Amino acid sequence: MNSAQERKLKYHLKEVAKLLKEDTPEAQLQDSESIELAARKHMVDTVGPEIGEFFCQTATKARVENGDR
């Protein structure tokens with residue numbers, strides 16, 4: 001990943017973090033342990049599946065374009 005890609009990634013990750021924080025109950029933002037648990041839950045429930053779906057769609061599209069099925 002080049003430096004321009006890293007900057008772009010960091011920008012978008014910060015924007016995602018803002019959205020996820022807004023969706024996190026205030027009680028889960030009071031201490032490090034609660035914040036870590038809330039962040040992990042967002043990663044497992046929201047971020048991971050979305051990224052996984054994107055990679056799967058990309059791989060499926062590539063196989064179809066290459067004639068593999």
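Predicted model: local features only at pLDDT ≥ 70, side-chain atom pairs only at ≥ 80, totals over all residues.
Counting 1.5 Å a residue, the 20 residues of α1 should span 28 Å, and its end C-alpha atoms sit 29 Å apart, so the two values agree. Now look at where α1 begins: a side-chain oxygen of Asn2 comes to within 3.1 Å of the backbone nitrogen of Ala4.

Next, the empty space. Rolling a probe the size of a water molecule over the atoms is a way to see where such space is left. The largest pocket here holds about 350 Å³. Which elements line it? Both α1 (3-22) and α2 (32-65) give at least two residues to the lining of the largest pocket, and α2 has the largest share, with seven residues. If you want to find the place yourself, look for Leu13, Val16, Ala17 and Leu20, then for Met43, Thr46, Val47, Glu50, Ile51, Phe54 and Phe55. Sorted by class, the lining of the largest pocket comes out as nine nonpolar residues, one polar and one charged.

There's a second largest pocket too, with a volume of about 170 Å³. Its lining is made of Ala17, Leu20, Lys21, Thr24, Leu29, Ile35, Ala38, Ala39, His42 and Met43. Again α1 and α2 are the elements that give two or more residues to the lining of this second largest pocket, and five residues, the largest share, come from α2. Seven of the lining residues of the second largest pocket are nonpolar, two are polar and one is charged.

A pair of aromatic rings is described by how far apart the centres are and by the angle of the planes. The count in this model is one aromatic pair. How are the rings of Phe54 and Phe55 arranged, stacked or edge-to-face? Their centres are 6.1 Å apart and their planes meet at 85 degrees; planes over 60 degrees apart count as edge-to-face, so that is what this pair is.

One last thing to check on these two residues: are Phe54 and Phe55 buried or exposed? Phe54 has 53% relative accessibility, and since the cut-off for exposed is over 50%, Phe54 counts as exposed. Phe55, at 56% relative accessibility, counts as exposed as well.

Methods: Residues numbered from 1 in each chain as written. Heavy atoms only, no water. 1 Å grid on protein atoms, 1.4 Å probe; cavity = no way out; pocket = protein on both sides within 12 Å on 5 of 7 lines; lining within 4 Å. Points joined across faces, edges and corners; volume = space filled by probe spheres on them. Helix = DSSP H or I, 4+ residues; strand = E, 2+ residues; numbered from the N terminus. Nonpolar A, V, L, I, M, F, W, Y, C, P; charged D, E, K, R; others polar. Phe/Tyr/Trp six-rings, centres within 6.5 Å; stacked < 30°, edge-to-face > 60°. Buried < 20%, exposed > 50% of the residue type's maximum accessible area, 1.4 Å probe, protein only. Expected span 1.5 Å × (residues − 1). Polar contact = N/O pair within 3.5 Å; in protein donor to acceptor, adjacent residues only side chain to side chain.
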